[in-house]
Amino acid sequence: MGPTPLGWYLALSAVLFAIGVLGVLVRRNVIIIFMAIEIMLNAVNLAFVAIARSRGSMDGQVIVFFVMTVAAAEAAVGLAIILAMFRNRETTNADELATLRW
Amino acid sequence: MVGALGVSQVAFLILAALTVLSALTVVVHRNPVHSAVALVSTLCLLALFFFALDAQLVAILQVIVYAGAIVVLFLFVIMLLNLQAQSRATGGPLLVAAATLGGVALAGLVVSGLGRAAAPPAAGVGAGFGETAALARELFTAYLLPFELTSLLLLVAIVGAVALAKKADG
Amino acid sequence: MVIETTLLRWIIALPALGVLFHVFVGRRATGAVKWVGPGLVGAAFAVARAAASGLRVMPAGTALHDHVYTWIVAGPFRAEVGLRLDALSAVMALVVTGVGFLIHVYSVGYMHGDRGFARYFAYLNLFTTAMLILVLADNLLLLFVGWEGVGLCSYLLIGFWYEKPENAAAGKKAFLVNRIGDAGFLLGLFLLVWTLGRQGIWTVDIETIRQHADVLGAVAVPVCLLLFVGATGKSAQIPLYVWLPDAMAGPTPVSALIHAATMVTAGVYMIARLHWLYALAPAALAVVAVIGVTTALFAAVIATAQVDIKRVLAYSTVSQLGLMFLGLGVGATGAAVFHLVTHAFFKALLFLGAGSVIHGLGGEQDMRRMGGLRPHMPVTFVTMTVGTLAIAGVPPFSGFFSKDEIVWAAFSGPHGAPVLGVLAFVVSFLTAYYTGRLLVLTFLGECRAPEDVRHHIHESPAVMTLPLAVLAVFAFAGGWLPVPAILEPVIGVTEEAEAPLWMFTLASAVALGGLGLAGVLYVARPDLPGAIARRLDGFYALVRDKFRVDELYDATVIRLVFAAADVSARRIDPALIDGAINGTGLLVAAISGASRRLQTGNVQHYALSFLVGALVLLGYWVMR
């Protein structure tokens with residue numbers, strides 16, 4: 001591949017993805033959880049672009065395009081949900097949004 | 001190869017370290033606004049990576065759409081809800097331990113798995129790789145259907161977001 | 001030689017149709033019932049007669065066979081519903097339908113006005129159907145169906161007037177005791193089929209088993225003994241006879257038909273049918289003979305001290321059946337079946353006569369309150385005298401011929417022993433005595449009935465006295481039927497020589513002696529019986545209380561069974577069964593109670609589960 005091997009990019013992508021997972025599982029504030037999700041999506045984007053470059057095909061970049069679009073849509077709707085929840089329950093704490101429990 | 005690091009590799013390593021650091025800041029910091037700013041820096045660093053990988057259009061889009069629009073949306077909501085710094089930011093220590101273990105295991109497994117996988121066929125890049133024209137060509141020919149469906153998705157998202165965020169009595 | 005025909009199924013189908021009629025239409029058509037009930041049995045008799053006549057003109061050893069349909073096919077095993085009419089089953093079928101017909105006619109008069117008139121005839125027709133299935137069956141499984149069927153009808157008819165608890169109890173007792181016998185029968189059947197099956201012969205067909213009987217070897221003895229256990233139940237021998245005296249709770253025609261003439265003879269028929277099997281097991285035959293003669297003596301002794309007219313006849317039946325089994329046990333199968341036929345005639349006659357007396361006295365059964373009925377019930381008296389002379393064995397009445405053959409075979413036959421012959425003579429003496437006693441106490445001397453009953457004593461209507469007359473004719477002349485000769489093709493030649501003259505003389509003397517003793521004790525010296533009873537005191541009480549056998553059974557077996565049932569119901573069932581079921585429920589509840597705690601409602605916990613799952617998959621894929 002040239003100067004930087006593909007493997008390094010993919011390793012970086014894996015690490016970023018793991019950080020994102022950590023954030024989703026651990027943080028209480030739902031907005032921070034969302035941000036962690038964005039990090040996960042971006043890690044995947046990085047992987048796609050790196051592989052596209054390695055194979056010389058544009059497919060990877062097209063997929064990244066779509067991922068970005070969908071991420072935008074998801075962020076919009078998600079934040080709207082958070083607003084609605086906040087209006088109902090005055091909280092953005094994930095622990096308190098647990099009514100479907102036993 | 002080992003030990004002989006070229007300029008680009010050093011640059012990669014430095015940028016990679018910064019990116020990981022920013023990502024950690026997003027996930028760990030107590031103040032949501034600080035987290036949002038760290039997110040911006042992560043995204044921009046990633047854009048730099050995209051540039052390095054001959055994905056110029058995607059890199060620009062990353063900055064414009066992600067860092068420019070989505071994070072701004074996040075900041076709007078943070079401001080709207082007037083979120084303060086959280087005193088207890090994370091769930092119980094048991095959960096943190098389990099999640100950390102899981103995350104480390106995940107990263108480790110993926111990396112070791114990558115190490116075993118056969119390398120994809122290396123190929124050179126043609127001229128105009130990563131430029132707008134190339135992307136557009138793929139987008140409107142091979143990926144036309146997903147393109148249209150994504151448009152529909154965006155419409156739905158807009159309508160949904162508006163409907164959800166409206167006040168109850170209209 | 002076997003000839004296939006479709007005629008035989010009608011012998012069974014006609015009474016079966018009667019059942020359907022009486023069950024569904026009977027209640028509303030009591031007028032028709034008294035024609036349909038007896039009529040169908042009479043029609044069955046006609047068909048049997050026709051078939052038997054057809055059989056008679058064919059060479060000896062021919063049999064008619066009717067294959068109705070194939071019942072069970074399971075791998076190599078087959079069981080058919082098939083009927084076989086040979087000399088033995090023809091004799092039995094004619095007795096069942098003939099005597100049955102007369103009793104059906106008699107019942108029209110006896111049960112007149114009873115609330116359950118149609119139900120009675122339904123049960124009686126059902127009994128006839130089952131008994132015919134039993135005697136006509138060509139395989140042991142179908143025989144057992146009939147066997148069970150007659151047991152059921154016995155239960156239904158004994159407890160016919162079920163409003164009185166003691167009648168229901170008597171019916172239950174009959175059924176349960178029979179069941180024990182049936183268990184023995186089934187075990188014997190299973191052992192037989194299994195032993196043959198291991199040699200590759202899977203069948204219950206009697207003729208097929210007969211051809212392969214030598215394969216059984218030593219197993220023949222337990223098989224015969226187990227089948228005999230069934231016979232002791234059905235034919236009221238020691239130890240399972242205890243139900244028969246209690247069965248007198250049923251209507252008297254029922255006692256006549258089921259507990260004298262037909263059902264109780266099923267055991268005798270079964271052994272006669274399988275005589276070739278028993279011939280392979282001399283030990284079993286010895287057991288049959290010993291139990292037979294012991295029962296005969298035991299029951300005859302008890303009968304001498306009974307005061308209920310039907311009880312005397314019940315114990316008399318047990319005793320006479322014992323004589324039949326004695327006959328079978330010493331190898332005189334023809335004589336035993338001959339006695340079965342004559343016994344059917346005179347015992348049915350005696351029972352129906354007793355029924356006539358009971359009917360005429362408005363329900364009285366205690367002989368101490370009878371007496372002097374001769375002028376009021378002449379036909380009944382004459383017919384019952386014929387019956388008494390027949391059962392006592394006075395020549396030329398029928399009982400003389402049939403009983404004589406058995407006693408002679410017991411004395412000197414191939415499997416006989418002198419002691420058996422002597423005991424048989426004692427039984428004959430006692431039989432003559434107690435039957436004579438019955439006759440004298442009932443019809444002669446002073447009338448001891450209370451005033452109000454005495455005014456209403458009347459002879460029974462023609463519908464009841466006519467069957468009595470017909471049976472009396474047969475009880476008198478039946479001995480001249482060459483039954484053993486007729487049966488020869490089926491049961492083999494009875495090889496004993498003709499009994500010598502001194503035998504006949506001795507037998508007649510014994511019979512007249514017994515009757516004479518009864519006359520002396522109850523006519524000439526009426527004070528004597530009481531004095532003798534007081535002298536014998538304890539022993540007499542024991543005899544009168546039927547040797548307290550029922551009480552013995554109650555104290556041992558029944559108490560044990562009830563105790564076991566108690567433990568099962570009060571301890572084992574709640575603890576084990578309910579415990580297991582409830583425990584399963586509790587287990588499910590406990591597991592679900594623990595499992596539901598997984599649903600914390602916290603999305604991050606669920607996401608952690610995702611991660612774990614993904615790690616497992618990833619780990620598997622990476623490690624592969």
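In chain C, 79% of the contacts with a separation of 6 or more are between residues 24 or more positions apart, where contact means heavy atoms within 4.5 Å. Before going on, the ground rules. This is a predicted model, in which local features need pLDDT of at least 70 and side-chain atom pairs count only at pLDDT 80 or more, while totals for chains, interfaces and linings use all residues; pLDDT is the predictor's confidence in each residue, from 0 to 100. Residues are numbered from 1 along each chain as its sequence is written, chains are lettered from A and ligands numbered from 1 in the order in which they are written, and side-chain values use heavy atoms, with hydrogens and water left out.

Back to chain C. Its secondary structure comes to 25 helices and three strands; these are DSSP runs, numbered from the N terminus, with helices being H or I of at least four residues and strands being E of at least two. The C-alpha trace of chain C spans about 115 × 60 × 55 Å along its principal axes. Of the 624 residues in chain C, 54% are buried. Buried means under 20% relative accessible area, exposed means over 50%, and partly exposed is in between, with a 1.4 Å probe and protein chains only.

Chain C is divided into domain 1 (1-279), domain 2 (281-540) and domain 3 (550-623), with bounds that come from an automatic or database domain assignment. Between the C-alpha centres of domain 2 of chain C and domain 3 of chain C there are 66 Å.

Next, the packing. The largest nonpolar core has 175 residues, and C:Val135, C:Trp243, C:Ile271, C:Leu274 and C:Tyr278 have the most contacts inside it. A nonpolar core here is a set of buried Ala, Val, Leu, Ile, Met, Phe, Trp, Tyr and Cys residues joined through side-chain atoms within 4.5 Å. Helix 15 (residues 333-360) of chain C gives the largest share of this core, 16 residues. Domain 1 (1-279) and domain 2 (281-540) of chain C both contribute residues, so the core lies between them. C:Leu274 is in contact with C:Leu140, C:Ile206 and C:Leu227, leaving aside neighbours within four places in sequence. Another core, of 78 residues, lies apart from this one, and B:Phe12, B:Val27, B:Ile70 and B:Leu83 are among its residues.

Now the charged residues. The structure holds 16 salt bridges over all chains, a salt bridge being a side-chain nitrogen of Lys or Arg within 4 Å of a carboxyl oxygen of Asp or Glu. C:Arg84 and C:Asp86 meet in one of them, at 3.2 Å, N to O, and both are buried. C:Asp86 also pairs with C:Arg273, at 2.9 Å, N to O. C:Arg273 is buried, at 5% relative accessibility.

A further salt bridge joins C:Asp550 and C:Lys173, with the closest N and O atoms 2.8 Å apart. C:Asp550 lies in helix 24 (residues 549-595) of chain C and C:Lys173 in helix 6 (residues 165-198) of chain C, so here the parts tied together are 377 residues apart in sequence. C:Asp550 counts as buried at 17% relative accessibility, whereas C:Lys173 counts as partly exposed at 21%. Through shared partners, salt bridges join C:Arg84, C:Asp86, C:Glu207 and C:Arg273 into one network.

One more lysine: C:Lys234, in helix 8 (residues 220-234) of chain C. Is C:Lys234 buried or exposed? C:Lys234 is buried, at a relative accessible area of 0%. Its contacts, not counting residues up to four places away in sequence, include C:Trp147, C:Asp182 and C:Trp243.

Last, the interfaces. Chain A and chain B bury about 6600 Å² between them, 79% of it on carbon and sulfur atoms; buried area is the accessible area (1.4 Å probe) that two parts lose on being put together, summed over both. In that interface, 66 residues of chain A are in contact with 79 residues of chain B. There is one salt bridge between chain A and chain B, formed by A:Arg53 and B:Asp54 at 2.7 Å, N to O. Chain A and chain C bury about 930 Å², 55% of it on carbon and sulfur atoms, with zero salt bridges between them.
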